[in-house]
Every structure is written in C-alpha cells, then in structure tokens.
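Let's take a friendly walk through this model and look at its pockets. Have the sequence and the 3D view ready as you read.

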Amino acid sequence: MSIVLRSGTPSDAAACGPICFEAFKAINDEHNFPWDFPSAQIATDVLAMLLSNPGFYAVVAEKDGTLVGSNFLDQRGAIAGIGPITVDPAAQNGTIGRRLMEAVLDRAHERRAAGVRLLQSAFHNRSLCLYTKLGFDTRESISKMNGAPLGINFPGYDVRPAIASDASACNALCRQVHGHDRGGELDDAIRAGAARVVEHLGEITAYATDIAFFGHAVAESNQGLKALIGAASGFLGGGFLVPTRNGELLRWCLQHRLRLVHQMTLMTIGLYNEPTGAYLPSVLY
C-alpha cells in the first residue's frame, strides 16, 4: 500500500466531495445523528469553494493512485482553522487521518500561525483522542442549533448588510472579544453579501459573517447575537454554533423553538485567548 499526500486543486472536488459526504454520513448514522451534508453534491460544492479559495490550503491523500481523503487549513487569520477532514470509510482507522492532520499542522507551523483551532463532533471518540494526542487542548463545549427562521427584530438593534467600510469597526470588535481579528473571513463574507452588522446607538456592536455552520459572529453582548440570530433568513449548513456555557443565549434559543442538533468540542493548539464578550464560532472556529 502506497499513501501519497499532495496539495489539493480545484479539479479534486469531484473526488473529494463524495468522500466527504460518505465519511460524515457513516459516522453520523453510526451515532444516530443527522447528516452534516444533505447530499454528495452539496459536499462537493462546499469543497469546490474551499479548493478554489486562495485563503485555504488543501491537502489530499492518494492510496495506490486513488484519492481517499482530504483536509483543509483556513489561513485567512492569525489563528488557523482546520477542517473539514475526511477519509474514505473504506480506508479509515489506518494512518491516513493522522497524516492529513500532521500535514496541515506542519503548514501552520511553516506559516508561523499564532495558534490553530478546530471543532470536532463530541460523539466521535476516535477523533477526540487523535487530536488530543496531536497536541490539541479542549477549550469548551459547543452546541449546534437549528430550526426555522425566527423573524424577530429588537428595537434599537438594527441589523443590516455589512459593507466594506464596516470592516475596521468589526475587526476592532473581534480583537476586543478574541484578542485577534478575523478580517480575511469578514472580507470574503462582505464580498459574498452574507455578512451582517448590528447598529446600536449609532455604533456597530455586533457582526456576523453569517449565522451558519461556516459563519462566525462577535458581539459586545448577547443582545447583539440575539438580534443577528433573530434577523437571519435561515441557518445554512444545518445550523449555527453556540457556546454551551453561554446559558442565557442557549436558553433563549431553546425558548424560541430552536433545537439542539448535537454537541461539538472546541480544541486549540498555541495561542488561545479566553473570550471577553459574546460570540458564535464557525465550524472552523
């Protein structure tokens, strides 16, 4: 058996997408949780987007010349984000997953990333153990929430599309909460028309790249997050992520008939600043 790792290219999406779908489907079915991707085509579309985005580093694994797995590193900020990592179910429980993880960790080290982050499904014991052995520390529990759009507006907390000139205030807010900004992700979201800001008393007090699985949000308080969630037209990717320890926000979501899909675990290597405000992570943290 010959395993070769190489950089991923946009042409790999057609092979990587179905593997990603089947890998997540298999582990979710095993634990009786909803699929992360509703179809192989959706998974292919997501990976095609990552493979074509210069802000991401992609690595793929080939076994005897056949593509069997992939992993990604979000390089758009000071803290690099890992995932999604997937291996063909027929090739799992060997060394491929570890090698794909080591490849992106090496890349983060080469680029002198201040830290690395990931989110893993809490029911997947094998990945939790692998990431811990690779040096990741568990930081907190995250709840994936989903449901129908709420259609709630809060007087004095106006939600509107973000524009390029909002970036400075949004990045300053992120630095206030996390100690670093996520400007690369924000710029991409503004260009895509997905980003939103909350204005309160004439100031931007919250923003989101999207209220979605691959989006993050930062706010001075939970009220800003509630405004963003309440105004969202939907929750792409099967839901959005709430820090479980934020009891006030989690209760509010449950009281408004949003449901818990499953728990995830936030893990990091290197720089990690305890948040000093309200936030919603993305699946890339």
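To sort a lining by class, Ala, Val, Leu, Ile, Met, Phe, Trp, Tyr, Cys and Pro count as nonpolar, Asp, Glu, Lys and Arg as charged, and the others, Gly among them, as polar. On that basis, the lining of the largest pocket divides into 20 nonpolar, 12 polar and 5 charged residues. This is a predicted model, where local features need pLDDT of at least 70, side-chain atom pairs count only at pLDDT 80 or more, and totals for chains, interfaces and linings use all residues. Residues are numbered from 1 along each chain as its sequence is written, and side-chain values use heavy atoms, with hydrogens and water left out.

A pocket here is an open set of points on a 1 Å grid over the protein atoms alone, where a 1.4 Å probe fits, with protein on both sides within 12 Å along at least five of seven lines; lining residues have an atom within 4 Å of a point. The volume is the space filled by probe spheres set on the points, which are joined across faces, edges and corners.

The largest pocket has a volume of about 850 Å³. Of its 37 lining residues, Ile85, Thr86, His124, Ser127 and Tyr131 lie nearest the centre. Helices (H or I, at least four residues) and strands (E, at least two) are DSSP runs, numbered from the N terminus. Helix 1 (13-30) is among the elements that supply at least two residues of this lining, and helix 1 gives the largest share, 6 residues.

Now turn to the second largest pocket, with a volume of about 700 Å³. Its lining has 28 residues, and Met49, Asp210, Ala212, Phe214 and Gly215 lie nearest its centre. Helix 2 (40-52) and helix 6 (183-192) are the elements that give two or more residues to this lining, with the largest share, 5 residues, coming from helix 6.
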